[in-house]
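Please open the model in your viewer and keep the selection tool at hand.

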Amino acid sequence: QVELVESGGGLVQPGGSLTLSCAASRFTLPFSVYLMRWYRQAPGKERELVAQIGNIKESTALADTVKGRFAVSRDNDEATVYLQMNALTSDDTANYYCNANHPGSGRNYWGQGTQVTVSS
């Protein structure tokens, strides 16, 4: 059974940093072929796409709300994707979810989420 397991969330003060990890396992296709995305959802708000990293050239894209503060990367050998978050504000407080998508086959998987709380 395919698994995506996020980790690295927690409580951090405003201006602080966190790095989230998402480890994939039991994929039927190589991890490298998956487009990987990070979403977040705050209470009472819709799920928001935060970052993505491509499966071929590993091009990245970030939401305007996190540009200049967040970075996304992947390690295909370790089947892991990362979200480096800097200069965190209370607006970044949310449950962060990892998503793996293979456009050719329609395979689409979600992790269980990791909570990030930015508060003093």
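Predicted model: local features only at pLDDT ≥ 70, side-chain atom pairs only at ≥ 80, totals over all residues.

Residues are numbered from 1 along each chain as its sequence is written, and side-chain values use heavy atoms, without hydrogens and water.

Select M36, W38, L83, M85 and Y96, which have the most contacts inside the largest nonpolar core, a set of 30 residues (buried Ala, Val, Leu, Ile, Met, Phe, Trp, Tyr and Cys joined through side-chain atoms within 4.5 Å; buried means under 20% relative accessible area, exposed over 50%, partly exposed in between, with a 1.4 Å probe and protein chains only). Centre next on M85, whose contacts (heavy atoms within 4.5 Å) beyond four places in sequence include L18, F70 and V116.

Now show the strands (DSSP E runs of at least two residues, numbered from the N terminus) of the open antiparallel sheet ordered β1-β3-β8-β7, where pairing requires at least two DSSP bridges. Because β1 (3-7) and β7 each have a single partner strand, one side of each is left without a neighbour in the sheet.

Finally, select E3 and R26, whose side chains meet in a salt bridge at 3.2 Å, N to O (a side-chain nitrogen of Lys or Arg within 4 Å of a carboxyl oxygen of Asp or Glu). E3 is partly exposed at 35%, and R26 is exposed at 54% relative accessibility.

Note on methods: Helix = DSSP H or I, 4+ residues; strand = E, 2+ residues; numbered from the N terminus.
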